[in-house]
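Q: Can you walk me through this one? I'd like to start with a helix and then get to the sheet.

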Amino acid sequence: MFAVSLALALVRWLLAHWWIPVLLLMVGGAVAAGVVRARLAEQAAALERQRRLRLALTGPGGLDHMGHRAFEFAVRDLLRRDGCRAEQVGGGGDQSADVLATDPMGRRWVLQCKHKQDPVGGAAVGVGVLYALVGANERVHRAQVPVVVTNGRFSAPAVRWGLDQNVALVDRALLGRWASSGLPLWELLPRIPAPRSGRGH
């Protein structure tokens with residue numbers, strides 16, 4: 001009996017305050033629509049990132065279609081876009097440096113560029129490239145951030161040695177993100193030295 005009375009009281013209350021459930025339904029619908037719109041926007045943004053990534057790597061004028069020297073200049077231009085002072089120095093007697101740069105925090109970068117004509121199926125960049133870069137950096141360049149950049153991939157020994165020796169490795173996936181996202185390279189690398197001034201990045 002009590003349950004029936006309670007149900008009747010609830011019905012009377014709802015009839016007297018009909019606008020409350022209507023308002024709740026409207027708010028719930030708006031929230032649901034907002035969630036759907038946000039998910040659609042996320043999906044659209046992800047598709048756009050993928051499109052830019054494909055264009056940066058494989059589209060007309062993309063990094064895969066460049067010669068080695070043009071690839072070096074493209075890496076230089078990406079660093080300049082990030083606010084660095086950067087110069088392409090690759091060529092005969094380049095001491096394993098293709099690009100030298102100083103970032104806005106004062107860190108000096110030395111980059112060796114390895115362009116692959118067959119970036120997916122071709123040979124990986126081996127650890128010997130890293131040995132040469134580190135040796136030349138210690139003798140000549142004295143940069144804080146040694147980097148090897150490729151539109152291909154790195155061998156497993158190169159990845160391990162790079163981690164051990166703090167050589168930043170920019171492979172195909174990371175290069176595509178760097179070129180297409182507009183983010184500076186130091187925000188995409190997992191770790192780099194702090195600026196000499198002590199400021200972080």
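A: First a term: helices (H or I, at least four residues) and strands (E, at least two) are DSSP runs, numbered from the N terminus. The expected span of a helix is 1.5 Å times one less than its number of residues. This is a predicted model, where local features need pLDDT of at least 70, side-chain atom pairs count only at pLDDT 80 or more, and totals for chains, interfaces and linings use all residues. Residues are numbered from 1 along each chain as its sequence is written, and side-chain values use heavy atoms, with hydrogens and water left out.

Q: OK, how many residues does helix H3 have, and what is its reach from first C-alpha to last?
A: H3 covers residues 68-81, which is 14 residues. Its reach is 20 Å, close to the 20 Å expected at 1.5 Å a residue.

Q: Which residues of H3 are buried?
A: Phe 71, Glu 72, Ala 74, Val 75, Arg 76, Leu 78 and Leu 79. Buried means under 20% relative accessible area, with exposed over 50% and partly exposed in between (1.4 Å probe, protein chains only).

Q: What do they pack against?
A: Strands S1 (85-88), S2 (99-102), S3 (108-114) and S4 (145-150), plus helix H6 (172-181). Leu 79, leaving aside neighbours within four places in sequence, is in contact (heavy atoms within 4.5 Å) with Cys 84, Ala 86, Val 99, Ala 101, Leu 111 and Trp 178.

Q: Which residues touch the most other members of the largest nonpolar core?
A: Val 75, Leu 79 and Trp 109, out of 28 residues in that core. A nonpolar core is a set of buried Ala, Val, Leu, Ile, Met, Phe, Trp, Tyr and Cys residues joined through side-chain atoms within 4.5 Å. H3 gives the most to this core, with five residues.

Q: Switching to the sheet: what is the strand order?
A: S1-S2-S3-S4-S5, an open sheet of five strands with mixed pairing. Two strands pair if DSSP finds at least two bridges between them.

Q: Which strands stand at the edges?
A: S1 and S5; each has a single partner strand, so one side of each is left without a neighbour in the sheet.

Q: Do S1 and S2 run parallel or antiparallel?
A: Antiparallel, joined by four bridges. Gln 88 stands opposite Val 99 in S2.

Q: And S4 with S5, parallel or antiparallel?
A: Parallel, with three bridges. Val 147 stands opposite Ala 168 in S5.

Q: Back to S1, which residues are on the covered face?
A: Ala 86 and Gln 88, while Arg 85 and Glu 87 make up the uncovered one.
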